[in-house]
Amino acid sequence: RRILEKYLKRKFPRNEKIDTSNIVSIRMGTTVATNALLERKGERTALFITKGFKDLLHIGNQSRPDIFDLVMSKPHKLYEEVVEVDERIIPSKETEEKDGVCKGKDG
């Protein structure tokens, strides 16, 4: 909605549906960032993940190319630090609850 409002210079109220007939395609600009991360040519990175899932990427799915290989090598982590957060946050219309945790409101 914010992008449409910026470029079409009109409001798109949250309680109204958006006419998508004029949208030809949507692109995500992640290729450069993903390549920099995989090639380890960017800034130092941290993984922000929902509390309780800190080891998720370390554990993975336990698939192995050679099931009987006793010496398995794992690729190096792409992140330097893991930060557990109480929940994911949606940047727009966030509210702070009494315990100091920001919770996003969808819409």
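Let's start with the pocket lining. In the largest pocket, the lining residues divide into 6 nonpolar, 7 polar and 3 charged. A quick caution before going on: this is a predicted model. Everything I say today is about that model.

Back to the pocket. Its volume is about 420 Å³. The lining has 16 residues, and the closest to the pocket's centre are Leu 57, His 58, Gly 60, Lys 74 and Pro 75. If you have the structure open, find those five residues.

Now the overall build. How many helices and strands does the chain have? There are 3 helices and 4 strands. In sequence order, the pattern is α-α-β-α-β-β-β. Helix 1 covers 2-8. Helix 2 covers 31-39, and strand 1 covers 46-50. Helix 3 is 56-59, and strand 2 is 81-85. Strand 3 is 95-96.

A few totals. The chain has 107 residues, and 7% of them are buried. The accessible surface is about 10500 Å². Carbon and sulfur atoms hold 54% of that surface. What about contacts? Take those with a separation of 6 or more: 54% of them join residues 24 or more positions apart.

Next, salt bridges. Side chains of opposite charge can pair when their charged atoms come close. How many salt bridges does a search of the whole structure find? It finds 3. Let's walk through them.

One joins Lys 41 and Glu 39, at 3.6 Å from N to O. Is Lys 41 buried or exposed? Its relative accessible area is 63%, and exposed means over 50%, so Lys 41 is exposed. Glu 39 has 47% relative accessibility, so Glu 39 counts as partly exposed.

Another joins Glu 80 and Arg 44, with the closest N and O atoms 2.9 Å apart. Which parts of the chain does this pair link? Glu 80 is in the loop between helix 3 and strand 2, while Arg 44 is in the loop between helix 2 and strand 1. These are distant parts of the chain, with the two residues 36 apart. Arg 44 has a relative accessibility of 69%, so it counts as exposed.

The remaining bridge to show you is between Lys 51 and Asp 86, at 3.0 Å from N to O. Lys 51 lies in the loop between strand 1 and helix 3, and Asp 86 lies in the loop between strand 2 and strand 3. So this pair ties together parts that are 35 residues apart in sequence. Most residues other than glycine have a negative phi. Which residues here go the other way? Lys 9 has a positive phi, near 55°. Lys 9 lies in the loop between helix 1 and helix 2. With a relative accessibility of 72%, Lys 9 counts as exposed.

Arg 40 also has a positive phi, of about 55°, and is not a glycine. Look for Arg 40 in the loop between helix 2 and strand 1. At 45% relative accessibility, Arg 40 counts as partly exposed.

Last stop: Arg 1. Where is Arg 1? Its place is in the segment before helix 1. Arg 1 has a relative accessibility of 29%, so it counts as partly exposed. Which residues does Arg 1 touch? Leaving out residues up to four places away in sequence, Arg 1 touches Phe 12, Pro 13, Arg 14, Glu 16 and Ile 18. Arg 1 and Lys 11 are 10 residues apart along the chain, and 8.3 Å separates their C-alpha atoms.

Key. Residues numbered from 1 in each chain as written. Predicted model: local features only at pLDDT ≥ 70, side-chain atom pairs only at ≥ 80, totals over all residues. Heavy atoms only, no water. 1 Å grid on protein atoms, 1.4 Å probe; cavity = no way out; pocket = protein on both sides within 12 Å on 5 of 7 lines; lining within 4 Å. Points joined across faces, edges and corners; volume = space filled by probe spheres on them. Nonpolar A, V, L, I, M, F, W, Y, C, P; charged D, E, K, R; others polar. Buried < 20%, exposed > 50% of the residue type's maximum accessible area, 1.4 Å probe, protein only. Contact = heavy atoms within 4.5 Å. Areas by Shrake-Rupley, 256 points an atom, 1.4 Å probe, with all protein chains shown as cover. Salt bridge = Lys/Arg side-chain N within 4 Å of Asp/Glu carboxyl O.
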